[in-house]
Amino acid sequence: MGAIFNRKNPNLGLRTWVEVVICAIVLTAVLGGVYWFAPGLRVAASKQLTALDISSDNLNNVTAGTQLPLPSDKPSTEVSSQPLMRIAEYGWNGNSGMIVANGGPRTTKGSLMEAANVNLEIVRINGVNDLRDMQVKFVSELASGNSQPTSEKSAFAVSIMGDGVPFYITTTQNSLDEKFGKGKYHVQVVGAYGLSYGEDKLIGPKIWKDNPQSMKGSVISAVIGDGDWVIVVNYAAANKIAINPDPSTYDAEAINFVPAPNDDYIEAVKDLIKSQKTGYTVPLKEVVDGKLTGTTLNRKIDGVTTWTPGDKLAFESLSGFTDIVSTKDFVNQMATTLVVVKEYALQNEKAVVNLLKQTYTASNQIKQFDEWAVRASEAVAKTYNFETPKYWYDLFKGQKGTKEGLDYNIGGTRVFNYADAMQYYGIADGNNRYKAVYNQISTYLTDLNPCGFNEICKDGVVGYEDAVNLYFLKSVTDVDAGKVEKQDYTATKTEVMAKGNWNIKFATGSTEISGSEKDLETIYNLLVQAEETKLKVVGHTDNVGNSNSNVTLSKGRANSVVEYLVNKGISRDRFQLIDGRGDNEPIADNSTSSGKAKNRRVDITLLK
């Protein structure tokens, strides 16, 4: 099994989320040998997920203003007397705003950080264990009485993907509690300043996009637990397709994952290519209804979840494949998120607030002026010591291609200005997009238990209120936040992104919702993550009662679901169609009680 949120091959200078050794130890100890010698043993059943988060507000506000002078690439001497603040991060364009605000890996002359008297060093670190170790070491120095730790292998903050934060904060907090005593030191989110906008994706045959239900029984190569893996899990939840949580087994009624060699997303792509071109297969133990049948199946790999340049490699090597779903659809999933040591941040409040302020200022310059985007690509290439500025610039903008009539996309990133950040956390409009993401991923960790998460973190996931501290973000002043743009839902949309059949419970013969809170929360979270989608909500009944009355009842129930979502904060303008079909479109046999239950449903379709 892959690592939880393990991001990318360090040799490629890209993101990683956790080391494979953790999973290997846990899974070997718990599962080793058992699956191979015990046919009929009860195993982890494939699961329908019930906590999803899709929101589609267009977080791309632009504050019109004057172009600021570009930072030089010469080291600053003005801030050398200030305490050194070090941030460790994955190599990712989402960090462009902060990096160009600093002028590069160290604060430069004429940079925004220099103007704010911030002495900042940015270092690329590729493994989540290394990131955690740097923050724990920083706290060790802090606890020993050093108010300004400067050890080379320590960092007061790390920058990671927001969908990885529940795992990172939970495991890091466990380490801090064990080492220094429970509740003495904390790691917390203080803000986000970038966003994956299409670069992370699922690649597969076009039929998966045309008919998502055709993914049942598929085998997908992935870094299991990675943010790219989450995209597939989100897509499955939106389409009500079960996920098989066990990578050593095969369930024909679910989506199945196989771990990428070495938890490397490039190797995941190579396995797909090898399978499609040479017939390479993976031996998997067959599971039916959560039980091993005793049969081993040799299955080809049907798709992959990856990111640039993995997607480029896949599209160049294979025909008939396209990107099925990406962070351009689940637009709020992967925000570039800053996690700090809370106690140090409070002692250095002004510097932390200025760091955020100057990052948002630089990001707004990138949005308006291409010269700043170019300068950012230069600073990113130097900071990460990988590839050319053009490479980073092109990936930031995103690229499109066509092969044998199929379109595909590569790359795609956004940066946040202050208006975006205030909107993302719901401070500007009351719709906290990140809270929905955090809670959804927390559910995935406990429900799917990737890499034995529940065994590693016995106290569960750190709750959102303890994990996120927006005090510093709210303390930013004297920055032109700009006007928060409202998503425009006036256009009619026709392309289906996902469709799920939700068995919402109602009182008998009534439109009053009775229970189903978890499903409704899932639907809400999905709509928050896929904020740019419009919606069709259609109610259905079984064949009990009068057909005409059933049409009225089903439409009333559809309206009840809509009202629930609107009251939670989903814009009424997003609902393109609200209708009821009564008992006219059954999906199961109405002569059985189980069939009737399946027919009593509300279909929700996401359109893009």
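The model is a predicted one, so local features need pLDDT of at least 70 and side-chain atom pairs count only at pLDDT 80 or more, while totals for chains, interfaces and linings use all residues. Residues are numbered from 1 along each chain as its sequence is written, and side-chain values use heavy atoms, with hydrogens and water left out.

Rings of Phe, Tyr and Trp (its six-membered ring) pair if their centres lie within 6.5 Å, with planes under 30 degrees apart called stacked, over 60 edge-to-face and the rest tilted. That rule gives 20 aromatic pairs. One of them is the edge-to-face pair of Tyr424 and Tyr425, at 5.3 Å centre to centre with 80° between the planes. Tyr425 also pairs edge-to-face with Tyr434, this time at 5.9 Å and 75°. As for burial (under 20% relative accessible area is buried, over 50% exposed, in between partly exposed, using a 1.4 Å probe and protein chains only), Tyr424 is buried at 0%, Tyr425 at 3% and Tyr434 at 0%.

Leu473 is buried, with a relative accessible area of 0%. Leaving out residues up to four places away in sequence, its contacts (heavy atoms within 4.5 Å) include Val190, Leu356, Tyr418 and Tyr425. The C-alpha atoms of Leu473 and Val352 are 9.1 Å apart, although 121 residues separate the two along the chain.

Arg414 lies over the face of Tyr197, 3.7 Å from the ring centre, and Lys568 lies over the face of Tyr524 at 4.6 Å.

Tyr197 is also part of the largest pocket: of the 37 lining residues, Tyr197, Gly198, Lys328, Lys400 and Asn409 lie nearest the centre. A pocket here is an open set of points on a 1 Å grid over the protein atoms alone, where a 1.4 Å probe fits, with protein on both sides within 12 Å along at least five of seven lines; lining residues have an atom within 4 Å of a point. The space in the largest pocket is about 770 Å³, a volume filled by probe spheres set on points joined across faces, edges and corners. Elements supplying at least two lining residues each include helix H12 (349-368), helix H14 (389-397) and strand E15 (399-403).

Now for the backbone. Most residues other than glycine have a negative phi, and most peptide bonds are trans. Thr308 and Pro309, however, are joined by a cis peptide bond with omega about 10°, and Pro309 falls in the loop between strand E12 (303-307) and helix H10 (310-317). Asp289, not a glycine, has a positive phi of about 55°; Asp289 is in the loop between strand E10 (281-288) and strand E11 (291-300) and is exposed at 65% relative accessibility. Asn449 has a positive phi too, near 50°. The loop between helix H16 (433-448) and helix H17 (453-456) holds Asn449, which is partly exposed at 21%.

How values were computed. A charge sits over a ring if NZ of Lys or CZ of Arg is within 6 Å of the ring centre and within 35 degrees of the ring normal. Helices (H or I, at least four residues) and strands (E, at least two) are DSSP runs, numbered from the N terminus.
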